[in-house]
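Dear colleague,

I am passing on the structure below, and I would be grateful if you could look through it alongside these notes.

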Amino acid sequence: MDIQYRLEQKRKVLADFPGPRSLELAARRAQAVAAGVASSVPVYVADADGGIIHDVDGNSFIDLGSGIAVTTVGASDAAVVGAVKEQVEHFTHTCFMVSPYEGYVAVAEKLNQLTPGEHAKRTVLFNSGAEAVENAIKIARIATGRTAVVAFDHAYHGRTNLTMGLTAKAMPYKHGFGPFAGEVYRAPMSYPFREENPQITGKEAAERAILMMSKQIGADQIAAIIIEPIQGEGGFIVPADGFLPRLAEFAKENGIVFIADEVQSGFARTGEWFAVQHEGVVPDLVTTAKGIAGGMPLSAVTGRAELLDAVHGGGLGGTYGGNPVACAAALAAIDTMETQDLRGRAREIEATVKERLGKLQAELGEAGIIGDIRGRGAMLALEFVKAGSGDAKVPDAAATKKIAEYCLKEGVIILTCGTYGNVIRLLPPLVISDELLADGLDVLEAAIRSVA
Ligand SMILES: *Cc1c(COP(=O)(O)O)cnc(C)c1O
């Protein structure tokens, strides 16, 4: 990796935190912005580059969240900035459904090339992850002539009506927002750390889900199975080996469209272009967003040509879908991922973090608060349990919150997640320097010790 940073890559927190400018903005916000939009940190951003975020009061934070797995190449990657500037000087929008342009086609070609499988593929572009998921379901339904959709425990697929229905967690995502779309069914997930029978294999966990689908829905009624290959908001849950391949096989045997929601796990994040590649799974449809365009809003559905082409002309689209500026950013971001070998970088980050945190876990011992360390590449998580809770593995959301707060006060932005709110997820930009990552891990380690 050979990155020229624009901003100094150094953590700094001043004594009065949050500072006066951030407090002033928070007061304006309270009068202007809907209360339903929450922010993880109380400071307002002035600049961001590589692994660092500067706030409006002169503090600098190590970014271990990437704006939720978005700024994989950093928040102001030189190639992305250049491509965006070049594009906005020509046209910001024409609407691909009115007057098309090359960038959209080039992004589709790139996605068709990078996604798993050698079959003929097509791509359609949108703006958000939720929009991509909704459209993947539309495509699966029309192509199969069936209606039922299967999602999993702990799933997160977005905040629009259909994707809320697919999402598992009520608070805060669904609470009070129903009724939800019909024909959505929930199957049991493989969650190795919390299985009643810790010996259960991935294949057996898949058979448990298949039994539910066969008995409660009927395999021939199912249009699509949608799954995050590594669950994101649900707690960075990595299913046991064999779970995804068996589900994909069941889908194939029964004419069901297998959709991998790679919105969070895609684009080099896990050390492969897509997380399904760790198990050699070839999905029928892949949804992508987040890391795709260096922070510009863009999403996609990519998959088997016969599925996407089953939709009548005009059946897919949207005013902004595949915006030319976002497409230019995506091509540049993907180029940076390729030229800087960010997949290799993700694997390096995994090795560094797992070694460091593994040592700490061993030191804290069996009865310590680190219940589980998991994930792939730079999509890593720590699951915290009440010290000494033994086999009960009682989730400790309070300790998790304290750890994140400690980190923030020391200048490290860390995100939490999980059905039980007891998971810290590490999603650094893949362009973070070794020094900055090490400094961030020092702080995290001190934070964990302070509550352990
Ligand atoms: C974030 C996310 C979504 C929703 O994406 P938005 O761009 O927020 O609509 C869907 N699926 C997964 C797996 C996600 O992580």
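What follows covers the ligand site, the helix packing and some details of the backbone.

This is a predicted model, in which local features need pLDDT of at least 70 and side-chain atom pairs count only at pLDDT 80 or more, whereas totals for chains, interfaces and linings use all residues. Residues are numbered from 1 along each chain as its sequence is written, and side-chain values use heavy atoms, with hydrogens and water left out.

The ligand site

The residues around the ligand are Ser128, Gly129, Ala130, Tyr156, His157, Gly158, Glu228, Asp261, Val263, Gln264 and Lys290, a residue being counted if one of its heavy atoms lies within 4 Å of the ligand. This shell divides into 3 nonpolar, 5 polar and 3 charged residues, where Ala, Val, Leu, Ile, Met, Phe, Trp, Tyr, Cys and Pro count as nonpolar, Asp, Glu, Lys and Arg as charged, and the others, Gly among them, as polar. Polar contacts are pairs of N or O atoms within 3.5 Å: a polar backbone atom of glycine 129 is 2.7 Å from an oxygen atom of the ligand, a polar side-chain atom of glutamine 264 lies 2.8 Å from a ligand oxygen atom, and for a polar side-chain atom of lysine 290 the corresponding distance to an oxygen atom of the ligand is 2.7 Å. On its own the ligand has 380 Å² of accessible area, of which the protein covers 82% (Shrake-Rupley method, 1.4 Å probe).

Helix packing

Helices here are DSSP runs (H or I) of at least four residues, and strands (E) of at least two, numbered from the N terminus; axes are lines fitted to C-alpha atoms over the stretch in contact, with angles from 0 to 180 degrees between N-to-C directions. Helix H12 (residues 397–409) packs against helix H13 (residues 434–451) at an angle of about 135°, with their axes 9 Å apart. H12 is therefore oblique to H13, since angles under 35 degrees count as roughly parallel, over 145 as roughly antiparallel, 65 to 115 as roughly perpendicular and the rest as oblique. The axes of helix H11 (residues 342–364) and H13 come within 11 Å and cross at roughly 25°, which means that H11 is roughly parallel to H13.

Backbone details

A cis peptide bond joins phenylalanine 17 and proline 18, with omega about -5°, and proline 18 is found in the segment before helix H1 (20–32). Methionine 171 and proline 172 are also joined by a cis peptide bond, with omega about 5°.

How values were computed
A polar contact is a pair of N or O atoms within 3.5 Å; within protein, one must be able to donate a hydrogen and the other to accept it, and residues adjacent in sequence count only if both atoms are side-chain atoms.
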